[in-house]
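The entries below follow the order in which I looked things up.

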Protein chains: 2
Amino acid sequence: MDIKTQVTEIAEDARRAGNRLATIPPDLKNRALLEMAQELRRQGAYLAEENARDLEYGREKGLSAAMIDRLTLDATTIEGIAQGLEEVAALPDPVGNVTSMWTRPNGLVIGRMRIPLGVIGIIYESRPNVTADAAALCLKSGNAVILRGGSEAIHSNRAIAGILQDVLKQVGIPEKAIQIIPMTDRRAVQEMLSLEEYIDLIIPRGGEELIRAVVQQSKIPVIKHYKGVCHVFVDADADMEMAVAISLNAKAQRPGVCNAMETLLVHHDIAGAFLPVMENTFREAGVRLKGCSETRAILPDIEPATEEDWHAEYLDLTLAVRVVNGIDEAIAHIEEYGSLHTESIVTRDYANAQRFLKEVNSSTVLVNASTRFSDGFQMGLGAEIGISTTKLHAFGPMGLEELTTTKFVIYGNGQVRS
Amino acid sequence: MDIKTQVTEIAEDARRAGNRLATIPPDLKNRALLEMAQELRRQGAYLAEENARDLEYGREKGLSAAMIDRLTLDATTIEGIAQGLEEVAALPDPVGNVTSMWTRPNGLVIGRMRIPLGVIGIIYESRPNVTADAAALCLKSGNAVILRGGSEAIHSNRAIAGILQDVLKQVGIPEKAIQIIPMTDRRAVQEMLSLEEYIDLIIPRGGEELIRAVVQQSKIPVIKHYKGVCHVFVDADADMEMAVAISLNAKAQRPGVCNAMETLLVHHDIAGAFLPVMENTFREAGVRLKGCSETRAILPDIEPATEEDWHAEYLDLTLAVRVVNGIDEAIAHIEEYGSLHTESIVTRDYANAQRFLKEVNSSTVLVNASTRFSDGFQMGLGAEIGISTTKLHAFGPMGLEELTTTKFVIYGNGQVRS
């Protein structure tokens, strides 16, 4: 069977399974999730064996230690995955909820009912835990899922998906609700991205290159963010201690993630007092600073920042610093260089706090808190399938509700239009 | 200046205007809308003059009487447009509303705030009233709009857009918030559909052919419905009188629209009693019936329906009728042949009513009411910019809220992540 036929069959099976899934009661989905967690624990030895094949191939291929680490499935990572499934089981089920209801003058009662999107395709890189995480969130929200992981993790992904499917069959849910693309050929992704009749949404998870390639090829809507160039703006009357703590946390608590700060904007009225204190703290934390000319007038030892630095997503302990003449310039800088991800203001000024929240266009905007809180778990969404920096359908961290849509349900008693 | 440059400039101007529009207070937007209504009334003679140029060209081109009718701007249509603008001004402003708010254990207060999508492109056929309607809904929801109407209406559209822009300038709103593509060259649409950096959403309004062409070419997300193949299912224990009234209304009250019924499904237990009564009523209303073999066993005079009829969107006084052996077969028929638009069940059975509402996948599902209520105004959304039959972002009739998205706003007092 050729790749096109194979992938199309997977997608047709997913559509059929998705149609059934929409009406499966919450209890049964939760039973499946809890049983999956247990079964993954029981099958630890088998999973480690299959994972070893990927690791061996990865070492031959010369993957970096960091990538090998992300690829590894051991007792600890498997326990983490299992607990993740149990947490998803414990979340409230979004499907069937009526989010609002109203009565029309003619007596029609109209409600909006949450329903699954249908079939979701997830395209991701080498972390095999995504296979279980994404499958669990899609199952819980009533969606069939087609998973396409990296070729480096193919044996691990096949093993995990096989276990999840066995549990589905066992509890009486269509097993095609969770499928992986079993071949590593890149043409399979191209085929998948052309099947807009069967797949409702594509979520790519990985680096900017992967995401751009998916967007380029896809005929199916893609929810994505390319990068996170997040800003903290220290306003003129910021609490100095708070400003240092928030800046440090936003930059250094975990620099390799998309909600870490990449550019610090400082009001010129506070720059003389703030920047030297900040520099000390940041130097201790090993942060390399690059600054605009006004910053370097105060901190002469740091490197100059160029135009490129304002666009940069360093993802490490490097920070660009710019002095601005007020909130207008700060907002204008964010509008020009930001990525619509996450921005924070540190201020004691009521009007500036309100203006920043209202006028900054990004998916998450904070006052007096670290950008690192822009995260589905931290924000109380219960889960996170991804972060969207495009405004359609979802904007910001996406939880279970963002994997659903609403239809209108109308209760009448014989109404006709005149 | 070539077309590409011209269209790109329009889109860049729209992006800039959109960024400003997001923070303009409701009062000012409403003042602009009310003033636009007045100005259109005042400029009736000028509008009629420009419209006459389109009508003359249309008659030369041999447009049908129906199309000439849709193209005509006279005192009545202009008054209708003006009142439409006043109604939009009276609607609640969605922008800035916080739709929910919650507190995290660490004291962060998190809310979802409604914000405009940004820039919306509307591509439509020859009705010039769409120019004002769509511009008003976009302005009210804080979005900049780029309008591309049919070449038959170009003088009318230019005249209307010019008046709206003059009012914007006069009240102090960036006039580029409402723009039309001033040239009729088709390449302008192609260019427009490639500008994903500046345009956030495309809404095509028109026939299936227009919509397919837009979807085919667009790099920007498109919200659309191709057609409405809507169903009414008359259940075994339906109230006969209600079933006839709802079926007749759904088919014949306005047959040329997307929420009119195209296929009637009848439970076989009621078919013998229901179909002859229905046939009488429908014959009086001038409806042509086509039936499955079981239907024709009861109504031998009607034409046979073929496989094609189950897919057909007649948009006139023709109806396909099929006898089914119960709700399962009715739902399966809708799943196979439906267009995810609107379906209704007529029943007195509680369980079947609930099952139909829950299991039918369409954007609007009714019990004991005509499919003709699937309409933004009828449903109380206050407006309708279009109907979506794809699930992402919006599903069903789209009002002002569907022209917005939400961002997360977070109020902290120094929180950092540990």
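What follows are my notes on symmetry, the chain contact, the sheets and the helix pairs.

**Entry 1, ground rules.** I am working with a predicted model, in which local features need pLDDT of at least 70 and side-chain atom pairs count only at pLDDT 80 or more, while totals for chains, interfaces and linings use all residues. I number residues from 1 along each chain as its sequence is written, and chains are lettered from A and ligands numbered from 1 in the order in which they are written.

I asked which rotation superposes chain B on chain A. With copies superposed by least squares on the C-alpha atoms of residues with pLDDT of at least 70 in both, I found a rotation of 180° with 0.0 Å of shift along its axis, at an RMSD of 0.0 Å. That is the relation of a two-fold axis.

I listed 53 residues from chain B and 52 residues from chain A in the contact. For the elements I use DSSP runs numbered from the N terminus, with helices (H or I) of at least four residues and strands (E) of at least two. On the side of chain B that touches chain A, helix H10 (240–252), helix H15 (350–359), strand E13 (364–369) and strand E16 (404–415) each supply at least two residues, and E16(B) gives the most, with eleven residues. By class, I found 23 nonpolar, 21 polar and nine charged residues on that side of chain B, where Ala, Val, Leu, Ile, Met, Phe, Trp, Tyr, Cys and Pro count as nonpolar, Asp, Glu, Lys and Arg as charged, and the others, Gly among them, as polar.

I traced an open sheet of ten strands with mixed pairing, in the order E10(A)-E9(A)-E11(A)-E8(A)-E7(A)-E12(A)-E13(A)-E16(B)-E2(B)-E1(B). Strand E10 (303–304) of chain A and strand E1 (98–103) of chain B stand at its edges, each with a single partner strand, so one side of each is left without a neighbour in the sheet. Another open sheet of ten strands, also of mixed pairing, has the order E1(A)-E2(A)-E16(A)-E13(B)-E12(B)-E7(B)-E8(B)-E11(B)-E9(B)-E10(B). I then checked where the chains join in it: strand E16 (residues 404–415) of chain A and E13(B) pair in the parallel sense over five bridges, and Gln415(A) stands opposite Ala369(B) in E13(B).

Within chain A, strand E7 (residues 230–234) and strand E12 (residues 342–346) pair in the parallel sense over four bridges, with Ile345(A) in E12(A) as the bridge partner of Phe233(A). Helix H14 (residues 327–337) of chain A packs on this sheet, touching E7, E8, E11 and E12 of chain A, and its direction makes about 140° with that of E11(A); axes are lines fitted to C-alpha atoms, for helices over the stretch in contact, and angles run from 0 to 180 degrees between N-to-C directions. I also noted that H15(B) lies across E16 of chain A together with strand E12 (342–346) and E13 of chain B, running at about 155° to E13(B).

The axes of helix H2 (residues 26–42) and helix H5 (residues 75–90) of chain A come within 8 Å and cross at roughly 170°. H2(A) and H5(A) are therefore roughly antiparallel, with angles over 145 degrees counted as roughly antiparallel, under 35 as roughly parallel, 65 to 115 as roughly perpendicular and the rest as oblique. Their contact has eleven nonpolar, one polar and two charged residues. The axes of H5(A) and helix H6 (residues 129–140) of chain A come within 10 Å and cross at roughly 10°, so H5(A) and H6(A) are roughly parallel. I count six nonpolar, four polar and two charged residues in the contact of H5(A) with H6(A).

How values were computed. Two strands pair if DSSP finds at least two bridges between them. Two residues are in contact if their C-beta atoms, placed from the backbone, lie within 7 Å.
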